[in-house]
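Please look over the sequence and the model below. A short report on selected features comes after them.

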Amino acid sequence: MATIDSLDARLSAQQAKLDALEANYNESLDTIWMLLASMLVFFMHAGFSLLEAGSVRFKNTQNILAKNLIVVTLGFLCWYVFGYSFALGTPENPSKFMGHTNFFMDGFWDSKSNFRVWFFQGAFCATGGTIVSGAMAERTQLKGFALYTALMTSLIYPVVVYWVWSGAGIFNYTNDDDESVTFAGTPPVIDFAGSGVVHLVGGIGAILGAIIVGPRKGRWDSDLASEFDGHSMPFCVLGTFCLWFGWYGFNPGSTGSMHDEVTAHLAGMVAVNTTIAACCGGITVFLLRWLVLEPRLMDVGGFCNGILAGLVSITGGCASVKPWEALFIGLWGGIFYQFGSMLLKFAKIDDVVDAIPVHGICGFWGVIAMGFFGKPLDGLGGDGAFYGGHQIGVQAFGAMIIFAWVAFWSMLILIPLRFFGLLRLADAIQDTGADAHEHSPSKAYTAPTGANSGVGSG
């Protein structure tokens, strides 16, 4: 009997060791996966920098690069102080509106897995400000933009994250019946990797920023149109590829873990959907501009933005649709981008990089698309109208609430900044370029003789 008890104790000890080993193994796999995904998302800022630098005129290259650096450095610090707490700081009895714990990483030592989540989500956070910087390029003061970036990364973006991704917010929380619902009792909003949370938020900030700061001096003078072309198409193409590469951290990385077969297969499907949508969006815009729309020429800048439009469009539903559905989501993303870009020009809204149609319109489409696509029987969480589902109302309502939230706070800070002369660069500075007036050295690099001081991607 003593021998049996001894063997039983030894078996229990071995089982405990195996359980601990498995837990450590799973934690290690998840951390490695999340760190890799975080670094890919972080690398997207190199893509944004290249794309935006290529889209502005040579005389403003350093200025837009400085804004990109400000977004990342100031954005992460704001995320450290306030952002993470408002976005994911869920106490024992959480509010449905916003988080209010873990300021300055308080409590992280009690749950060290929070460090990888902080890094991953912090890389997302800075993206919202970067989207706005491109739309407002070449005529925005750095100090005014920095103040807006601080508000975006401290409050505007984090609260939207809490609503959708915290598991306790108004668009996705668990009720007393252990069901995931919104505050209205409907099924939760589907936004897997951020068509609405990230891109729609940035796109709304971009359109309000572009309108409030006003167009660049002479932008809508037909005699000066060619002077506003960007100075480096190679930068735009390289930036697009960097962003596309980083998107494989953005979307597949949003699984949040990688220690079991189900999650591994999901990440693989997400990567496939991401690729197909990007390809369809890019080809759609390229063919429209080459074969259908005047002047019927091959537009490489438009090709780049079409790819980004496809990527933004699939980001929300990449884990809930099949590849053939991703194809149509990307295709329509390209169409919506193209007509959104044309609408901006008709309305004379000056968006240097077409951030508004790429991130705002396609971000909205990415949210709404999950109201149409996603078959419930596939077991991927979709409930689209094409299959008799009722998700469309939830998706539309969520997108409109996000729009109202971002618009309110953006106007609250941007209008006073413009009124007090802290937002728009003086016309004289716009004429000679912000680099010469505000930066040392006064040139980003030595331009070839005759290079345009001023790639149109619209």
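## Basis

This is a predicted model, in which local features need pLDDT of at least 70, side-chain atom pairs count only at pLDDT 80 or more, and totals for chains, interfaces and linings use all residues. Residues are numbered from 1 along each chain as its sequence is written, and side-chain values use heavy atoms, with hydrogens and water left out.

## Salt bridges

Side chains of opposite charge can pair when their charged atoms come close. Here a salt bridge means a side-chain nitrogen of Lys or Arg within 4 Å of a carboxyl oxygen of Asp or Glu. The whole structure holds nine of them.

Helices are DSSP runs of H or I with at least four residues, numbered from the N terminus. E138 also bridges to R216, with the closest N and O atoms 2.4 Å apart. R216 lies in the loop between α5 (195-213) and α6, 78 residues from E138.

Are these residues buried or exposed? R57 is buried at 6% relative accessible area, E138 at 3% and R216 at 4%. Buried means under 20%, exposed over 50%, and partly exposed in between, using a 1.4 Å probe and protein chains only. R57, E138 and R216 belong to a salt-bridge network with R219 and D350.

Another bridge joins D378 and K322, at 3.5 Å from N to O. D378 lies in the loop between α10 (355-369) and α11 (391-419), and K322 in the loop between α8 (300-315) and α9 (323-346), so the bridge ties together parts 56 residues apart in sequence. D378 is partly exposed at 27%. K322 is partly exposed at 36%.

## Helix α6

Helix α6 has 18 residues, 233-250.

S232 caps the N-terminal end: a side-chain oxygen lies 3.2 Å from the backbone nitrogen of F235. Buried residues of α6 include C236, W244, W247 and F250.

## A nonpolar patch

I283, L287, W290, L291, V292 and M298 form a nonpolar surface patch. Together they have about 550 Å² of accessible area, by the Shrake-Rupley method with a 1.4 Å probe. Patch residues have over 30% relative accessible area and no salt bridge, and nonpolar side chains are joined within 5 Å. I283 lies in helix α7 (residues 261-292). I283 counts as partly exposed, at 42%.

Methods:
Patch = residues over 30% accessible without salt bridge, like charges linked within 9 Å, V, L, I, M, F, W, Y side chains within 5 Å. Helix = DSSP H or I, 4+ residues; strand = E, 2+ residues; numbered from the N terminus. Expected span 1.5 Å × (residues − 1). Polar contact = N/O pair within 3.5 Å; in protein donor to acceptor, adjacent residues only side chain to side chain.
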